[in-house]
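Please read it alongside the sequence and the coordinates.

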Amino acid sequence: MIFTAEVVNERGERENISYRDGKRRLWLAPFIISAITPLTVAGYFLTGGNALATLFPLTYFFVFVPLLDAIVGEDTHNPPEAVVPAMSKDRYYARLLYITVGLNYVSFILSVWLVGTQSLPVWSLIGLAYGVGLLHGNVLNIGHELGHKNDAFDQFIAKISNAMVGYGHFCIEHNRGHHVWVSTPEDPASARMGESVYSFALRELPGTFMRGWEQETIRLRRKGLPVWSFHNDILQGYAIGVALVAAATAIFGWVVLPFILLHHFVVWYSLTQANYVEHYGLLRQKKENGKYEPCQPHHSWNTNHIVSNLLSFHLQRHSDHHANPQRPYQALRDFPDLPRLPSGYPGCFGLAAIPPLWFRVMDPKVIAWADGDIEKVNLDPAKSDALKARYGGARMEKDAAPA
């Protein structure tokens, strides 16, 4: 597929440019995620029912992907701006999202079937739920991408995607809450410097749930509609999710219920981890009128690691997404001088799981981003005094340094 557009060159003359998306076939990469569960099931039976095979999804996520990110490296290429409208209209990219939603449903059902028909030890059930749950975090990513679209069908598929893991409030909270308050102390989905991912989860999970309900309540009351009704988009998503769990339990028995609940929680927590690394410590400044400055690319951490970016539909080019929420994933850009994560999301999730290591790597990055001024950082109130004592002199030292 070649995209063309007419541009005006430096001499003021009109000319046509052509552009071929080199990643067009590579965007099939998320299908690999959907194949991990079938490969796990196949490995289980090919090894004579060896429960160690159920740990393959965990190994894939925390070992294979970070290793490939390190080996393959990064890609800073941007498509020409003139062809972006044509790329945005190409339904090929949207169809990939639709297909991936269906494949993730198949993957989930297959994992439930394995648990419901095989006698797996408890450690295996936990490992499988955790590994498959991490993989299925991609359904929320797809719901996130489609939920930003104005097309009714895209929004419907987003609802179906989020419903698979019982997170029906996500798109509403994300679009009307997170994107409004991102990188501010008021946002429960923006991590503060000095805050561990575990402390953040205790604030983010209930905070985003309540804000989603608040935003949907406001929408329905403005339309004169009852909150507890079919008109409630959140309840629609929950209803689909409950029906899915009920059907699985009816077919395979109560044995699958703990697995499903743990799986769903892991998916929610994978979103929490993404929110944690995406805006850690970054702060939008207030203007003289008391309002926050508009969200700019430098208010989100970015990474161009090719493998994990392809697997996540460019989610990790998060800087451009927050500055331009309607821009489709295939056209998201890299910018110079953006705050950079040290790895793709899987590697950063592993790093964040050990808070002292995360703080050692990321806190200096946050201070450098703020040009040494800790007053420009989104700080954890509980750690504010200690962090100011440690980093408060960075700006003075920089100002005192000889030119």
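In helix α2, the residues P57, L58, Y60, F61 and F62 meet G127, L128, Y130, G131, V132, L134 and L135 of helix α5, where contact means heavy atoms within 4.5 Å. By class, the residues of this contact of α2 with α5 divide into 10 nonpolar, two polar and no charged, with Ala, Val, Leu, Ile, Met, Phe, Trp, Tyr, Cys and Pro counted as nonpolar, Asp, Glu, Lys and Arg as charged, and the others, Gly among them, as polar.

The model is a predicted one, in which local features need pLDDT of at least 70 and side-chain atom pairs count only at pLDDT 80 or more, while totals for chains, interfaces and linings use all residues. Residues are numbered from 1 along each chain as its sequence is written, and side-chain values use heavy atoms, with hydrogens and water left out.

**Helix packing**

Helices (H or I, at least four residues) are DSSP runs, numbered from the N terminus. Axes are lines fitted to C-alpha atoms, for helices over the stretch in contact, and angles run from 0 to 180 degrees between N-to-C directions.

| Helix pair | Angle | Axes |
|---|---|---|
| α2 (residues 56–72) and α5 (residues 122–135) | about 45° | 7 Å apart |
| α8 (residues 170–181) and α9 (residues 197–222) | roughly 105° | within 8 Å |
| α9 and α11 | roughly 110° | within 10 Å |

Angles under 35 degrees count as roughly parallel, over 145 as roughly antiparallel, 65 to 115 as roughly perpendicular and the rest as oblique. Helices α2 and α5 are therefore oblique to each other, and their crossing is left-handed, a term used if the near helix is turned anticlockwise from the far one by less than a right angle.

Helices α8 and α9 are, by their angle, roughly perpendicular to each other. Their contact is made by I172, E173, R176, G177, H178 and W181 on the α8 side and by T208, R211, G212, Q215, E216 and R219 on the α9 side. By class, this contact of α8 with α9 has two nonpolar, five polar and five charged residues.

Helix α9 takes part in another pairing, as α9 and α11 are also roughly perpendicular to each other. Here V197, Y198, F200, A201, E204 and L205 of α9 meet F265, W268, Y269, T272, Q273, N275 and Y276 of α11, and the residues of this contact of α9 with α11 divide into nine nonpolar, three polar and one charged.

**Nonpolar core and buried segments**

A nonpolar core is a set of buried Ala, Val, Leu, Ile, Met, Phe, Trp, Tyr and Cys residues joined through side-chain atoms within 4.5 Å; buried means under 20% relative accessible area, exposed over 50%, and partly exposed in between, with a 1.4 Å probe and protein chains only. The largest such core has 92 residues, and those with the most contacts inside it are M193, Y276, Y280 and W358. Helix α4 (residues 91–117) gives the most to this core, with 12 residues. When residues up to four places away in sequence are not counted, Y276 touches A191, E195, S196, V197, F200, A352, W358 and F359.

V112 is found in helix α4 and is buried, with a relative accessible area of 2%. Apart from residues up to four places away in sequence, V112 touches A248, F252, V256, F259 and I260. V112 and L257 are 145 residues apart in sequence, yet their C-alpha atoms are 9.1 Å apart in space.

Helix α6 (residues 137–147) is mostly covered, with 11 of its 11 residues buried.

**Loop residues**

N302 lies in the loop between α11 (256–279) and α12 (306–311), and at 0% relative accessibility N302 counts as buried. Leaving aside neighbours within four places in sequence, N302 is in contact with Q316, R317, H318, S319, D334, L338, P339, R340 and L341.

Most residues other than glycine have a negative phi. H314, although not a glycine, has a positive phi of about 65°; H314 is found in the loop between α12 and α13 (318–323) and is buried, with a relative accessible area of 3%. D371, also a residue other than glycine, has a positive phi near 60°. D371 is found in the loop between α15 (355–369) and α16 (384–391) and is partly exposed, with a relative accessible area of 34%.

Technical notes: Helix = DSSP H or I, 4+ residues; strand = E, 2+ residues; numbered from the N terminus.
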